[in-house]
Amino acid sequence: MFSKKVFLIFLILISFSVKASFILLPMDENTQKNHLKAYGITYWCIDKKYKASWLLNYRGGSFLLADAPEIRKECQIRDVSFEILSDAETNQILEEIASPSQNMEAVVLEKAPKVAVYTPKGKQPWDDAVTLVLTYAEIPFTPIYDEEVLSDQLLLYDWLHLHHEDFTGQYGKFFGSNRNSPWYIEQKRDAEVLATKLGYKKVSEEKLAVAKKIRDFVIGGGFMFAMCSATDSFDIALAADGVDICESMFDGDASEPNYQAKINYANSFAFKDFTLDRKPEHYEFSDIDMTEKRRIPMEKDYFTLMEFSAKWDPIPSMLCQNQTQLIKGFMGQTTSFDATLIKSNVLVMGTCELNGEARYIHGEKGKGMFTFFSGHDPEDYQHRVGDPATVLDLHPNSPGYRLILNNVLFPAARKKKQKT
């Protein structure tokens, strides 16, 4: 009798294992133990040619993976919550998602994008939120900098992140507060040595050449993601092509007279009609940034993600997948964008309800796409030079860091033309 019961249990277990054909990585607020590492699992599966889909707006933007022992094991090792689904359960979910009454979509993830991070040599992972979260999520990336960009190595990659950077050649506008700091003196010297090595007379000229290579990468079909000062300084550098906007402490000679009138906004990706900041000691590039114009207390500093049609506009829907639509704000050299200075063809995906500022924007350029995300570190409200590193083990479910990883993963999706 006992052996018969054991045999029946054995048959049930076999039946279950046959029917369990899929793994669901739930991404809702209360079920997933580690949202950030779930992206790493999904990337790992795509890279190993397993079938994977992104279930937009289903339980916070969950991932549907093929069932395999090594995937289960990897989830357990990385402490990522997962659920085993039978074919019938999976079909029921997909039918719900396919219903015209549901703002959901199942997007097939086909190819793991090759990721490059534009960052100076010797930078530590915690100096940049993207490098930090890629490392934490175990998504492979290659650090590159000016030499690689100028030698056309961007052609090797699908996705590029721009480090907290100044493409205008003004050394981050740190002159006023840090001109005598050893780190500032060293970084300025290193930048000048590199520019000379690469055949440029000025750092501003070398950085412009880098910005134009990155522009061409995007136009040719690449995906670019930038945060903090890499957003507005990139656009300013392109708009100021051929115009000297740097004062003598930055490049050895005076700026060009009346340079503001010579700015060509047609060259920029996202911003228009901005006014450059002429004060070399002022920690601002232009009036694009809202840091000094906003009056929002920390406890009320949140921004809201826009809702898009998952079936008709899957790209912005992918970029906004989260367990919450309300995201905690955070500051940076470029804390937020003045919405009146954003070009009409650029999509605003996140805004602060208190003052209307934009925090998260996306656009197309040529065959490629770009996303600008303001602020420095989603889990460090006011990051300062020398502050301790953010420990992501303390923030495994960070909604702000999820937005970064949405951008890393969306190039893997099978493309569907947007309708709006």
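Start with the side chain of Tyr 265, which gets to within 2.7 Å, taken as the distance itself, of the backbone oxygen of Phe 274. Keep in mind that this is a predicted model. The Tyr 265 side chain has another polar partner to look at: the side chain of Gln 260, with a polar contact at 3.1 Å.

Where does Tyr 265 sit? Look in the loop that runs between α11 (248–251) and β10 (302–305). If you skip the neighbours within four places in sequence, Tyr 265 is in contact with Gln 260, Phe 271, Lys 272, Asp 273, Phe 274 and Lys 343. Tyr 265 and Gly 252 are 13 residues apart in sequence, and their C-alpha atoms are 26 Å apart in space.

The axes of α2 (residues 35–47) and α5 (residues 129–137) come within 8 Å, crossing at roughly 70°. Angles from 65 to 115 degrees count as roughly perpendicular, so that is how α2 lies relative to α5. As for the hand of the crossing, α2 and α5 make a right-handed one.

Which residues meet where α2 and α5 come together? From α2 there are Leu 36, Lys 37 and Gly 40, and on the α5 side they meet Val 133, Tyr 136 and Ala 137. Sorted by class, this contact of α2 with α5 has four nonpolar residues, one polar and one charged.

Note on methods
Residues are numbered from 1 along each chain as its sequence is written. This is a predicted model: local features need pLDDT of at least 70, side-chain atom pairs count only at pLDDT 80 or more; totals for chains, interfaces and linings use all residues. Side-chain values use heavy atoms; hydrogens and water are left out. Axes are lines fitted to C-alpha atoms, for helices over the stretch in contact, and angles run from 0 to 180 degrees between N-to-C directions. Helices (H or I, at least four residues) and strands (E, at least two) are DSSP runs, numbered from the N terminus. Angles under 35 degrees count as roughly parallel, over 145 as roughly antiparallel, 65 to 115 as roughly perpendicular and the rest as oblique. A crossing is left-handed if the near helix is turned anticlockwise from the far one by less than a right angle, and right-handed if clockwise. Contact means heavy atoms within 4.5 Å. Ala, Val, Leu, Ile, Met, Phe, Trp, Tyr, Cys and Pro count as nonpolar, Asp, Glu, Lys and Arg as charged, and the others, Gly among them, as polar. A polar contact is a pair of N or O atoms within 3.5 Å; within protein, one must be able to donate a hydrogen and the other to accept it, and residues adjacent in sequence count only if both atoms are side-chain atoms.
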